[in-house]
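Biologist: Before I rely on the labels attached to this protein, I would like to go through them with you and hear what stands behind each one.

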Amino acid sequence: VKAEATALADEAASKSRGAAYNKLREQMQGKLYAWVEELAHVRILDPACGSGNFLYLALKRMLDLWQEARIFAADHGLPTVLPEQVHPSQLYGLELNVYAHELASVVVWIGYLQWLQEHGMGVPTEPILRKLDNIQHRDAILAHDSDGKPIEAEWPEADFIIGNPPFLGDKRMRAELGDDYVTALRATFAERVPGGADLVTYWFEKARALVEVGKAKRVGLLATQGIRGGTNRAV
């Protein structure tokens with residue numbers, strides 16, 4: 001988009017002021033503002049968000065991109081008050097640990113406020129810290145229906161899925177999570193995740209399935225080397 005907008009700016013600069021010049025400038029502004037609007041509606045999900053570090057880094061990168069667009073506008077004589085701004089409400093998270101879940105909202109908001117302060121973007125409105133309802137306290141892979149039957153947990157809709165899901169080897173799963181939970185989990189994903197696969201593979205499979213049906217564009221998940229071997233490799 002920057003390359004296309006720059007080309008329009010260069011072409012406009014070669015014209016004398018008039019209808020052709022104004023049209024090219026309008027096209028350049030329209031292209032830039034459309035991209036800013038797209039950026040301001042990107043949804044990012046970390047389905048094992050912990051205390052929110054991945055979400056914070058994603059937010060910071062999007063804010064930096066937004067700032068690049070603002071600087072481009074200033075450099076080319078366009079209004080620097082952009083139509084929309086990147087905001088923490090674009091971030092979604094799932095976390096089972098109650099303390100990490102509460103901390104994630106704070107981490108994201110503090111990171112957002114720090115960025116605003118560092119870039120001279122004004123004084124934040126009250127209340128200074130707000131709870132992000134988009135960051136949910138619940139299991140990311142297993143849920144139960146109204147009858148108590150185990151079902152696959154649903155994830156919030158998102159364009160991009162990122163994170164570092166929990167790694168727990170097959171032999172430790174029952175000791176850590178309990179027989180009932182592991183039995184229910186494996187039965188629920190029986191046709192998609194082979195028995196004996198590590199806990200982390202359930203996140204990879206769920207993310208893959210969302211990409212396949214067009215509900216997510218790209219995925220970036222971390223795991224240990226162990227994901228390369230055995231039944232993990234099948235997933």
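This is a predicted model: local features need pLDDT of at least 70, side-chain atom pairs count only at pLDDT 80 or more; totals for chains, interfaces and linings use all residues.

Modeller: Residues are numbered from 1 along each chain as its sequence is written, and side-chain values use heavy atoms, with hydrogens and water left out.

Biologist: What makes the pair of Trp66 and Trp115 a tie between separate parts of the sequence?

Modeller: Trp66 belongs to helix α3 (residues 53-75) and Trp115 to helix α4, so the pair joins parts that are 49 residues apart in sequence. Helices here are DSSP runs (H or I, at least four residues), as strands are (E, at least two), and they are numbered from the N terminus.

Biologist: How do you know whether Trp66 is buried or exposed?

Modeller: Buried means under 20% relative accessible area, exposed over 50%, and partly exposed in between, with a 1.4 Å probe and protein chains only. Trp66 has 4% relative accessibility and therefore counts as buried, and Trp115, with a relative accessible area of 3%, is buried as well.

Biologist: What makes Trp109 and Tyr112 an aromatic pair, and of which kind?

Modeller: Their ring centres are 5.5 Å apart and their planes stand at 75°, which makes the pair edge-to-face. Trp109 and Tyr112 are three residues apart in helix α4, and so about one helical turn separates them. Trp109 is buried because its relative accessible area is 4%, and Tyr112 counts as buried at 7%.

Biologist: Why is Leu63 called buried, and which residues does Leu63 touch?

Modeller: Leu63, which is placed in helix α3, has a relative accessible area of 1% and is therefore buried. Taking contact to mean heavy atoms within 4.5 Å, and not counting residues up to four places away in sequence, Leu63 touches Gln85, Val86, Tyr112 and Trp115.

Biologist: What makes Leu103, Val106 and Ile110 a nonpolar patch?

Modeller: Patches are made of residues with over 30% relative accessible area and no salt bridge, where like charges are joined within 9 Å and nonpolar side chains (Val, Leu, Ile, Met, Phe, Trp, Tyr) within 5 Å. Val106, in helix α4 (residues 98-118), has 32% relative accessibility and so counts as partly exposed. Together, Leu103, Val106 and Ile110 have about 210 Å² of accessible area on the surface, a value that comes from the Shrake-Rupley method with a 1.4 Å probe, where for residues only the protein chains shown count as cover.

Biologist: How do you know that Glu152 and Arg192 form a salt bridge?

Modeller: A salt bridge is a side-chain nitrogen of Lys or Arg within 4 Å of a carboxyl oxygen of Asp or Glu, and the closest N and O atoms of Glu152 and Arg192 are 2.7 Å apart. This pair links distant parts of the chain, with Glu152 in strand β5 and Arg192 in the loop between α6 and α7, 40 residues apart. Glu152 is partly exposed because its relative accessible area is 28%, and Arg192 also counts as partly exposed at 28%.

Biologist: Why does the contact of Lys217 with Asp159 count as a salt bridge?

Modeller: The closest N and O atoms of Lys217 and Asp159 are 3.9 Å apart, and the cut-off is within 4 Å, so the pair qualifies. With 53% relative accessibility, Lys217 counts as exposed.

Biologist: What separates Arg208 and Glu212 along helix α7?

Modeller: Arg208 and Glu212 are four residues apart in helix α7, so about one helical turn separates them, and their salt bridge has its closest N and O atoms 3.4 Å apart. Glu212 counts as exposed because its relative accessibility is 59%. Salt bridges that share partners join Glu152, Arg192, Glu205, Lys206, Arg208 and Glu212 into one network.

Conventions: Rings of Phe, Tyr and Trp (its six-membered ring) pair if their centres lie within 6.5 Å; planes under 30 degrees apart count as stacked, over 60 as edge-to-face and the rest as tilted.
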